[in-house]
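Here is a colleague's note on the model shown below. The points are numbered and can be read in order.

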Amino acid sequence: MPQVSLKVNGKPVTAEVEGRTLLVDLLRETLRLTGTHVGCDTSQCGACVVHIDGESVKACTILAVQVQGSDVLTIEGLAAADGTLHPMQEAFREYHALQCGFCTPGMVMSAIDLVKKNPKGLSEQEIREGLEGNLCRCTGYHNIVKAIDAAQQVMHGKVKELPRAAE
Amino acid sequence: MAFEGIGASVKRREDLRFLSGRGNYTDDINRPGQLHAVLVRSPHPHARITGIDTAAAKAAPGVAAVFVGADLAAENIGGLPCGWQIHNKDGSPMAEPPHPVLAIGKVRHVGDPVAVVIAETKAQAKDAAELVSVSYDVLKGAPSLEAALRPGAPLVHDEVGGNLCYDWHIGDKDATDAAFAGAHKVARLELVNNRLIPNAMEPRAAVGEFDTMSGDYTLYTTSQNPHVIRLLMGAFVLHIPEHKLRVVAPDVGGGFGSKIYHYAEEAIVTWASAKVKRPVKWTADRTESFMSDAHGRDHVTVAEMAMDANGKFLGLRVHTHANMGAYLSTFAPCVPTYLYATLLAGTYTTPAIYAEVKAVFTHSVPVDAYRGAGRPEASFLIERLVDQCAIAMGMDRVEIRRRNFIPSSAFPYQTPVALQYDSGDYVATLEACLKASDWAGFEARRAAAKARGKLRGIGISTYLEACGIAPSAVVGSLGARAGLYEVANIRVNPTGSITVFTGTHSHGQGHETTFAQLMAAKFGVPMDQVDIVHGDTARIPFGMGTYGSRSLAVGGSAMDRAADKIIAKGKKIAAHLLEADAADIEFKDGKFQVAGTDRSKALAEISLTAYVPHNYPIEELEPGLEETAFYDPKNFTYPGGCHICEVEIDPDTGVVSVVNFTAVDDVGRVINPMIVEGQVQGGVAQGIGQALLETCVYDADGQLLSGSMMDYTMPRADNLPNISVGTSVTLCTHNPLGVKGCGEVGAIGSPPAVIGAVVDALKDHGITHIDMPATPQKVWGIINANRPRMAAE
């Protein structure tokens, strides 16, 4: 079986995989990083989004062998070593942007990439369009959009502290 | 410390694990030595199985076993049971054909499971499943109501003539006919309530494990009600007694009804784990979810309202056909009957109502409760019909509603269709929503839209629903084969912290937070002193689970009752310690106090005394501080409210955009407004999905065309608006918390408001109704149907 070596959440990893093994299966089954979810089989739902060398990618749509030598970041590796949440994670909690939590890891990883790629800031409509590749069945997206809007202000250094949600 | 009492938007304690990738969903569970199951499913809507050759699959690498229906039948494995029996008009019971775990003889819908392949890895099981050769004699299918009711239609079950599951009715036919005979005007509406595919984001999964030493079975499953699964699967399918079967429903990624039911795969992995003596895991691919999760809705209805000269409703007549799919799912028969036709009074004083419902088997996936379950179908019918009444009378849509509302002074209000509403104020929710949505300013917005080339419309729904199911004796008399109480066990630990075990289940609703908030307030302790445990039959005494917006109304009430028992016992212990009479002890702010004195004992002192009973009334009182309550509700709860929707239509493309959505709901007392708002927004999103985007499509023979997320239109962020949510509260009068329920109001109230808005936008194009979903194709067709041909054409 082919061997693949990569970094996952900063740690070097080497694993034997089948040629057909998807990245998401390497993460979930071999490495037991079960925070990355599989919600569909047609690359529609985005529950499996991770970052590969800083870019958001649906981990169900890339083979494990294709990430040889790459740096993969999953939801488990997002918070700081001391447990401090990433501003996007904090914003999702503050704005009640998750209910069942299943789409959440992919949603957060997509949202971070979306914000990073738009340093001038995103309008509400642009956030909504930017979430085209991520499905949520619980929230109606209202609070996800609010959370991303709040997080982008922190991520772009416009404010130091996350704006608090209205009571 | 921030306010965390009743009415505080406390942030959810579930969120940290979900946001960190540390949730524990069923597919995240891996048991030592685990094998993987893959199902072979029918590609045909209807076919006779003439042979199954499993030899090649059994010989494939990694394969441990292959089983077919005959293997289960040989071990006397039962079919999947139905939990509700409806009786026909003539008193005879409904047709209840068997639902084998794996198909025997015939397949009846695309996705009907035929065989299971169990192998070392999922990839090996998938490879081997391809090698299972099933020979079919393909028969003609009838997936739709129309096709299944046609004379000579192919029969789904040979023994069920005309494909008729039941022919049921409710109400007073003679009184209703008399109302029509004396009517000034009659409004009539034919409508379709489109079939939906639930699509919780987490696909169903199940892991079965058999302990060869003890003979104990454990099933980990994506369920909204683990005790119900234990009961159904243990008693009716696998014949495993309760004490040898543990069912765990860990974190579950959304349910919306689709994870209530007992599914074949749960029985298969549990049974197979004992056959192969290793744990067996199955996880659905999304493609399988589309063809095996119970679908929702699928009604065709004709409804008529009789009115007097003032627009007062005199009588309502309803004829509905409901699609059951190929087999009866767990609660399917009650959805188009007792969860639907009993709601037909809505918020109105209609004195005579008669409804007939015919349930029909078809060659399609079984249909069961989906967010709202019968009440969305009822509210859509009533609210759309009321709009037709306004047209027929030449009256304003709001005015005709006002004239027919049940007045707030009339509660408790007995409807002509069995239910007795306990409380509500429909004028209050209407007024609040009209104001919040600036209904009065709409015409200016319509004119502004017109100047931009857009067609703008506004729609309103003043709906009612019944949830918090339900009094056991009542539902028993109506055909339920279970009680619908809820259970709570509260353990005050020796040092005063509190563990609450609830029979409800959280799959997105935030119970760990709301219930902790509720119990912290009850006991007067900080929230971090209270933990909520759910989802495991080995830890929780019993429970009926979470559906029908019942968790707080029924499960929360059970907690309140158990807490009262704790407090009553605590008072006796305090009386002993304080040398007072128990009747003089008050419990307040976490302290047992002798009334009118400053002498008191904190809860933690009482609990420590209960577990270290050195100075204790041991003759009268057992040690320990743990109580259980089974709470059987006295009635349903009746949330209601007003939803107002504004849409803009692009006449060039037919695309409908929801530009404003305002909801004002009466959900009873609100514990956590943030969570209530989120529940309503999510429900509204599913309602907008039904109204504009989603529909299940079968071809004429029964092939599933909308069988993936590329084909079935799931609402995405850019399809939806911001959703403004408000509440206007009247308290439930019959449960101790005054709560009603908020999980389904969004999906129940919104579709008629959305369609009302679309129809309003298109009112100059000669339509008074449009069936859901109002897709661009349909809308464009209407706009262009009567357009004069241009000269160049």
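**Notes on the two chains**

1. **Domains of chain A.** Chain A is assigned domain 1 (3-77) and domain 2 (87-155); such bounds come from an automatic or database domain assignment. The centres of domain 1 of chain A and domain 2 of chain A, taken over C-alpha atoms, are separated by 21 Å.

2. **Basis.** This is a predicted model, in which local features need pLDDT of at least 70, side-chain atom pairs count only at pLDDT 80 or more, and totals for chains, interfaces and linings use all residues. Residues are numbered from 1 along each chain as its sequence is written, while chains are lettered from A and ligands numbered from 1 in the order in which they are written.

3. **Contact between the chain A domains.** In chain A, 15 residues of domain 1 are in contact with twelve residues of domain 2 (contact: C-beta atoms, placed from the backbone, within 7 Å). On the domain 1 side, strand S3 (49-52) and strand S4 (55-58) of chain A are the elements that give two or more residues. Helices (H or I, at least four residues) and strands (E, at least two) are DSSP runs, numbered from the N terminus. S3(A) has the largest share of that side, three residues. By class, that side of domain 1 of chain A holds six nonpolar, eight polar and one charged residues. Here Ala, Val, Leu, Ile, Met, Phe, Trp, Tyr, Cys and Pro count as nonpolar, Asp, Glu, Lys and Arg as charged, and the others, Gly among them, as polar.

4. **Chain A against chain B.** How many residues of chain A are in contact with chain B? The contact takes 46 residues of chain A and 44 residues of chain B. Helix H2 (87-94), helix H3 (104-116), helix H4 (124-130) and helix H5 (142-155) of chain A each supply at least two residues of the chain A side. That side of chain A has 20 nonpolar, 16 polar and ten charged residues.

5. **Helix H2 of chain A.** H2(A) is mostly covered, with eight of its eight residues buried. A residue is buried if 20 or more other C-beta atoms lie within 10 Å of its own, exposed if 12 or fewer, and partly exposed in between, with C-beta atoms placed from the backbone. Among the buried residues of H2(A) are Met88(A), Phe92(A) and Arg93(A). The buried residues of H2(A) pack against H3 and H5 of chain A, together with helix H1 (15-19) of chain B. Just after H2(A), His96(A) takes a positive phi of about 50 degrees.

6. **Domains of chain B.** Chain B is assigned domain 1 (15-139 + 201-254 + 259-292), domain 2 (299-469 + 635-785) and domain 3 (485-631). The centres of domain 1 of chain B and domain 3 of chain B, taken over C-alpha atoms, are 39 Å apart. Their contact takes 16 residues from domain 1 of chain B and 14 residues from domain 3 of chain B. On the domain 1 side, helix H7 (226-237) and strand S11 (245-248) of chain B give two or more residues.

7. **Core.** The largest nonpolar core has 304 residues. A nonpolar core is a set of buried Ala, Val, Leu, Ile, Met, Phe, Trp, Tyr and Cys residues joined through C-beta atoms within 7 Å. Ala37(B), Ala115(B), Val117(B), Leu344(B), Met519(B), Val754(B) and Val758(B) touch the most other members. Not counting residues up to four places away in sequence, Val758(B) touches Gly457(B), Val647(B), Val656(B), Ile770(B), Ala774(B) and Val779(B).

8. **H10 and H11 of chain B.** Helix H10 (residues 375-393) and helix H11 (residues 397-404) of chain B pack at an angle of about 110 degrees, with their axes 9 Å apart. Axes are lines fitted to C-alpha atoms, for helices over the stretch in contact, and angles run from 0 to 180 degrees between N-to-C directions. H10(B) and H11(B) are therefore roughly perpendicular (angles under 35 degrees count as roughly parallel, over 145 as roughly antiparallel, 65 to 115 as roughly perpendicular and the rest as oblique). Val386(B), Asp387(B), Cys389(B), Ala390(B) and Met393(B) in H10(B) meet Arg397(B), Ile400(B) and Arg401(B) in H11(B). The residues of this contact divide into five nonpolar, no polar and three charged.

9. **A glycine in a loop.** Gly182(B) lies in the loop between helix H6 (173-181) and strand S8 (185-193) of chain B. Gly182(B) is exposed, with 10 other C-beta atoms within 10 Å.

Key:
Two residues are in contact if their C-beta atoms, placed from the backbone, lie within 7 Å.
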